[in-house]
Amino acid sequence: MSTTAPTPFTLPQLRRIAVRAQALDGSARDVLDVVRSIGFLQLDPTARVAPSHVLVLWSRLGAFDTAELDRLLWHDRLLFEWRAFVYPMDDLPLYRSRMRRFPSGDTARARQIRGWLRTNAAFRRYVLRELERNGPLLSRELEDRAREPWRSTGWTGNRNVQQMLEFLMARGEVAVVGRRGAQRVWNLAERWYPEVDVPSDDEADALLAEQRLRSLGVIADGDGWRVDDGADPRAVSRTTLLSPFDRLIHDRERAEALFGFRYRMEIYVPAAQRWGYFVMPVLHRDRLAGRVDVEHDRRAGVLSVHRVGWERGAVDLERPLQSLAMFVGAREVAWP
């Protein structure tokens, strides 16, 4: 349920609603509480300071036991990994609906995936049979028996075992059941996921849409805003730094409309043309007050601040940067 634009809230109140909905107000108790509040964690290999999902949790919790996420995923099974995201296991019925529809639509990519899976039906059966007999397995423990290679202009081209596992995961036939270092461990989904009652596709989509509004608090709706009925517009007092992949800023147009903050990832921009390589926005109360280009030099034990920029006046960054440095294991913060 929601309030449809025009809303009775001022823009500062809308910002506070968004910040609180994403558990950036300091109210989250632990990792599970954060993931349930924000809806999911995006996994990304970029780790100039720390892995993105770790930074997302730190922004909300401060220092926390990073082993807790592994326990929730692989021991307690209160979270699950699917397609480079971590979700609450409570939401598995909704995502089971998405799995059984994969690949959905009639796009060129969906047609490519369906055609590749048809052509490589024997390869698919081999992978499932090996997991049934010998799972859990790493991808390198499976043979490449593709009749036709997966063709891509990106890094996935000809990585046939990996692509088969990715598509079977997307379809809910296999699951990530652990990690050995950075390598994912795979098994049959039926051995990992609990049995659940899967709603109709329409019902699942409606519930996911409600969940999205609840976790964001505020969604652009035409020329106005749609606001969750549970919105909390009270003032927020924290200052923290955000991962470039943080959900508060992931929708760049929404972030610009709500916070007046223009942000773009510049990792792949030539060095001479970018503001910074790994730029963390500064969230101060209900404002995106600035940005900091930071790097964790693990060998030297230093959290290096390469550049700081402000939108409308500086705020004190000493405490959040010292907190981040201590959390990632840096002995000091080096300022430009």
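Reader: Where is R83 found?

Author: R83 is found in the loop between β3 (79-82) and β4 (85-88). Helices (H or I, at least four residues) and strands (E, at least two) are DSSP runs, numbered from the N terminus. Note that this is a predicted model: local features need pLDDT of at least 70, side-chain atom pairs count only at pLDDT 80 or more, and totals for chains, interfaces and linings use all residues. Residues are numbered from 1 along each chain as its sequence is written, and side-chain values use heavy atoms, with hydrogens and water left out.

Reader: What is the phi of R83 near?

Author: Start with the general idea. Most residues other than glycine have a negative phi. Now the case here. R83 is not a glycine, yet its phi is positive, near 55 degrees. R285 is another such residue, with phi near 60 degrees. R285 sits in the loop between β11 and β12.

Reader: How do I read the accessibility of R83 and R285?

Author: Use the cut-offs. Buried means under 20% relative accessible area, exposed means over 50%, and partly exposed is in between (1.4 Å probe, protein chains only). R83 has 39% relative accessibility, so it counts as partly exposed. R285 is partly exposed too, with a relative accessible area of 47%.

Reader: Which peptide bonds are cis?

Author: The general idea again: most peptide bonds are trans. Here, the bond from F102 to P103 is cis, with omega near -10 degrees. Look for P103 in the loop between α5 (92-101) and α6 (108-119). The bond from G135 to P136 is also cis, with omega near 5 degrees. P136 has its place in the loop between α7 (121-134) and β5 (137-138).

Reader: Which pairs run antiparallel, and which run parallel?

Author: Take them in order. β11 (residues 279-284) and β12 (residues 287-297) pair in the antiparallel sense over six bridges. There, L283 stands opposite L288 in β12. β12 and β13 (residues 302-310) also run antiparallel, joined by eight bridges. R291 stands opposite G309 in β13. These two strands form a hairpin with four residues between them, and G301 in the turn has a positive phi of about 70 degrees. β13 and β14 run parallel, with three bridges. The bridge partner of S304 is A334 in β14.

Reader: Is helix α2 mostly covered or mostly open?

Author: Count its buried residues. Helix α2 (residues 31-38) is mostly covered, with six of its eight residues buried. They are V31, L32, D33, V34, V35 and I38.

Reader: What lies at the two ends of α2?

Author: At the start, look for a polar contact (a pair of N or O atoms within 3.5 Å; within protein, one must be able to donate a hydrogen and the other to accept it, and residues adjacent in sequence count only if both atoms are side-chain atoms). A side-chain oxygen of D30 reaches to within 3.3 Å of the backbone nitrogen of L32. After the helix comes G39, whose phi is positive, near 100 degrees.

Reader: Is Q22 buried or exposed?

Author: Q22 is buried, with a relative accessible area of 1%. Its place is the loop between α1 and α2. A polar atom of the Q22 side chain lies 2.9 Å from the backbone oxygen of S215.

Reader: And where is A235?

Author: A235 is in the loop between β9 (224-228) and β10. A235 is exposed, with a relative accessible area of 54%. The C-alpha atoms of A235 and R16 are separated by 6.3 Å, though the two residues are 219 apart along the chain.

Notes
Pairing = 2+ DSSP bridges.
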